[in-house]
Structure formats: C-alpha cells, structure tokens
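Hello,

Here is the structure I promised to pass on to you. Please open it next to this email, and then read on for what turned up in it.

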Amino acid sequence: NMKRVGIIGHAGNLGKELVSYWHCIPMPCDIRFEDTIRQTFEEVKPDIVINCAAITDVDGCEDYDTDEKGIGRNAVAVNFWGAENVKKVCICPVIHISTDYVFDGKNGAYSEKSKYNEPVNLYGWTKWLGEIAVLTPRIRNGIVVRTTGLFGRMDTEDFVSKITSTVSKGESIGVVKNLEGNQTYIPFLAKGLMYVVDHFDKFAETSILHIASKEIISRYEFALMICSVFNHDKSLIIPVNSSDVDGWVAKRPVKGGLQTKLARKMGVPIYSILDGLEALKSE
C-alpha cells in the first residue's frame, strides 16, 4: 500500500523524520498563502497530507503586536489560518498535528473526548483555533493528531539534548517539578502517524487522536530518567517551580498530558518514555 504522503512543515523535527525515514514527500510552501500550497499540492499530488507546520515558540508567541511584527501575530497566521488554508486547498485527507496546550492544564491527562477549556497562553489559543479550523466542518475525514513533549534523534535540539549537554559538563540545571506531560520520542510518533496512514479507513469515525508516550511524568522526573539512561549524575538536576524559570514569559499548562487509550485500542503502536530514551541511546 504505497500511498503518496505529502509533508507540510518538512523542515521541522517531525517533518524531517517523516521525509528521511518514511519516504514521505516534502511539500515546501508557506501555509499563510493559499497559492503556495496549491502549487506544491499540484506538483506532489499526495493521497494524504500531514500538516506539521506550526509556530511553536511558546514564549515568543506572547509577543502579539497588532502591526503584524510579533511572533504571536505570525502564530495566528500559521497555526490558525494556515490550518484552514491547508484544509481548503488540499483536496485529500489531512492529518493535522496539534498539542495538549489546547487545554488549560488544570486536570490532565486529557482524552480525545475532553472538553476544551481556555488555553493558558497564546500559543495554545492558536493551536486550538487550528483544530477548530480542521474539524468544522470535518471534510475528507481529516484528523487532528495531538501529541506533546517531543524529543528527537541525536542531532535534535530539545529538552533531552539540553539536559545531557549541561550535566555532561558537570554543570547543574534547574528543572520544573510541577509540569506534567508525556515525553514523546519523535521516531515513535512518526511510526504511529504512518500506522494511521496505512490503516486510514479504520479512522473514518475518528476526528481526534492522541499519539504520545504511554505515561505522564513531570519534567523533573524526566530529567532524572535521562540521567539514568545516559549515565549522568542525577544530583546535578535541581527541582524548581515553573515560576522560578528564567525567560519564561508564557504560562504553561501544569497538569497537561494526553491519554492514549484510544490509539492503543485502534492498534497504533504506543511506547513508554523509557522505550524512547533507550531507542535514542542505541542510535
């Protein structure tokens, strides 16, 4: 079953993974502009599109400037209107990547049936609006796939690389103990997405699907787990509160995270956080 899978946002970490390891086809375009999407859509002629394009700078998004300069303004253009443009132009099913930040993080972990409540930051609002754009009306069986806490292969700049590069130098690092979520290994997310692509008919009734790691832990616990797997000194990880983190402008959902029962029930491969770290180590 060789479906042509087009990737919008192919330069990001997830997009790169899907192109490099699953032979998906890059669709270079600026989703703020319909004509650029149309051009690449007509060239690639995909059977299905995965939209990984997003402005994900959570703190940067808080800079919302009405004269169109702020990152927040751009995030609205990409995460909301961009999602709408992709849905409009791509006359095939679209799998749209979203996040647990669409919730307020007061009572996670969230299931696909959890009711929306107000996101706590502008990034969350833009992603929430993107979901609304994709799902109302839901045409061509588009699916919103929520994920969270992505960490990548060895060359990816992310939470794991930040922890390992700091503690390997013998320096300590403060890590928040009151933020919870699933930490998800990008190659496992890509594998889950390709399962959905390969069994797409099975998901005709599924408008929202969570693909993330099996369990939910705090960032602090995750940092300790990273030290265990990579044999670093755990005492260099200092627990802090999110209010003490320098440079954080945006509020973060505290009790976030996604339930993955539905994905498991439907046969999507779901792994533990430790599986992801072990896979990363064995690279």
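His-23 sits in the loop that links α1 to β2; helices (H or I, at least four residues) and strands (E, at least two) are DSSP runs, numbered from the N terminus. This residue has a positive phi of about 55° although it is not a glycine. His-23 counts as exposed because its relative accessible area is 67%; the cut-offs are under 20% for buried, over 50% for exposed, and partly exposed in between, with a 1.4 Å probe and protein chains only.

Before going further, please keep in mind that this is a predicted model, in which local features need pLDDT of at least 70 and side-chain atom pairs count only at pLDDT 80 or more, while totals for chains, interfaces and linings use all residues. Residues are numbered from 1 along each chain as its sequence is written, and side-chain values use heavy atoms, with hydrogens and water left out.

Lys-45 also has a positive phi, about 50°, although it is not a glycine. You will find Lys-45 in the loop between α2 (34–44) and β3, and its relative accessibility of 57% makes it exposed.

Now look at Leu-18, in helix α1 (residues 13–22). Is Leu-18 buried or exposed? Its relative accessible area is 0%, so Leu-18 is buried. Not counting residues up to four places away in sequence, Leu-18 touches His-23, Ile-7, Ile-50 and Leu-193, among others; contact means heavy atoms within 4.5 Å.

Leu-18 also belongs to the largest nonpolar core, which has 28 residues; Leu-18, Ile-50, Ile-95 and Leu-193 touch the most other members. Such a core is a set of buried Ala, Val, Leu, Ile, Met, Phe, Trp, Tyr and Cys residues joined through side-chain atoms within 4.5 Å. At least two residues of this core come from each of β1 (5–8), α1, β3 (48–51), β4 (94–99), β5 (143–147) and α6 (186–198). Helix α6 gives the most, with eight residues. There is also a second, separate core of 21 residues, including Ile-226 and Leu-280.

Next, the sheet. Six strands form an open sheet in the order β2-β1-β3-β4-β5-β10, with parallel pairing; two strands pair if DSSP finds at least two bridges between them. Its edge strands, β2 (25–26) and β10 (208–210), each pair on one side only. Strands β1 and β3 run parallel and are joined by four bridges, and Gly-6 stands opposite Val-49 in β3. Helix α3 (residues 71–89) lies across β1, β3 and β4, at about 175° to β3. Here, axes are lines fitted to C-alpha atoms, for helices over the stretch in contact, and angles run from 0 to 180 degrees between N-to-C directions.

The bond from Gly-108 to Ala-109 is cis, with omega near 5°, and Ala-109 is in the loop between β4 and α4 (122–135). The bond from Thr-136 to Pro-137 is cis too, with omega near -15°, and Pro-137 lies in the loop between α4 and β5.

Finally, the whole chain: there are nine helices and twelve strands, and 51% of the 283 residues count as buried. The C-alpha atoms fill a box of roughly 55 × 45 × 35 Å along the principal axes.

Enjoy exploring!
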